[in-house]
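Work through the exercises below with the sequence and the coordinates at hand. Each task is followed by a stepwise solution.

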Amino acid sequence: MELKLNIYDGKKVEKTYTANDFTLMTGVCEDILNIVDIDKLTSGKLDNTALGIEVVKIVAKSFSKFKPFLQDVFEGLTDEEYRRTSIKEVAAVVFAIVKYTISELYDVGGTEKN
């Protein structure tokens, strides 16, 4: 999985961080599980749009937790750079990581996906 996060200078992309095939560390997984309703997200009742809305809600209520979380994923991301990211892009990265985390947990547990 490849994740990208742009850093902006006004409306211009100044820098792009990329994380390729990162290893999902236990701490990151724990952080995700502490902020998501895993039952709701894995119920099979949410289409991609509804799932995206849920992730946006998660981002909104847990925003302060995402800076250290994303700094773990994107090595070298500074506090100042984080302030110049797009909320839409942060939500997309979080969405991808949540989906990846759930997928990894299902793979470890040998549980069939819905």
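**Exercise 1. Find the buried residues of H4 and describe how they are placed around the helix axis.**

Step 1. Helices (H or I, at least four residues) and strands (E, at least two) are DSSP runs, numbered from the N terminus. Buried means under 20% relative accessible area, exposed over 50%, and partly exposed in between (1.4 Å probe, protein chains only). With these cut-offs, H4 has the buried residues Phe-66, Phe-69, Leu-70 and Val-73.

Step 2. Viewed down the axis of H4, these buried residues lie within an arc of 95 degrees, so they line one face of the helix. The arc is that of the directions from the helix axis to the C-beta atoms.

Step 3. An α-helix has 3.6 residues a turn, so residues three or four places apart point the same way.

Step 4. Exposed residues Ser-64 and Asp-72 sit on the face of H4 turned away from its buried side.

The model is predicted: local features need pLDDT of at least 70, side-chain atom pairs count only at pLDDT 80 or more, and totals for chains, interfaces and linings use all residues. Residues are numbered from 1 along each chain as its sequence is written, and side-chain values use heavy atoms, with hydrogens and water left out.

**Exercise 2. State which elements supply the largest nonpolar core and which members touch the most others.**

Step 1. A nonpolar core is a set of buried Ala, Val, Leu, Ile, Met, Phe, Trp, Tyr and Cys residues joined through side-chain atoms within 4.5 Å. The largest one has 24 residues, of which Leu-70, Phe-74 and Leu-77 touch the most other members.

Step 2. At least two residues of this core come from each of strand E1 (2-9), strand E2 (12-20), helix H3 (48-61), helix H4 (63-73) and helix H6 (87-109). H6 gives the largest share, 7 residues.

Step 3. Contact means heavy atoms within 4.5 Å. Neighbours within four places in sequence aside, Leu-77 is in contact with Leu-5, Ile-7, Tyr-17, Leu-70, Gln-71 and Tyr-82.

**Exercise 3. Is Thr-85 buried or exposed, and what does its side chain reach?**

Step 1. Thr-85 lies in the loop between helix H5 (79-82) and H6.

Step 2. Its relative accessibility is 17%, so Thr-85 counts as buried.

Step 3. The side chain of Thr-85 reaches the backbone oxygen of Tyr-82 at 2.8 Å.

Step 4. Apart from neighbours within four places in sequence, Thr-85 is in contact with Leu-5, Asn-6, Ile-7, Tyr-8 and Val-90.

Conventions: A polar contact is a pair of N or O atoms within 3.5 Å; within protein, one must be able to donate a hydrogen and the other to accept it, and residues adjacent in sequence count only if both atoms are side-chain atoms.
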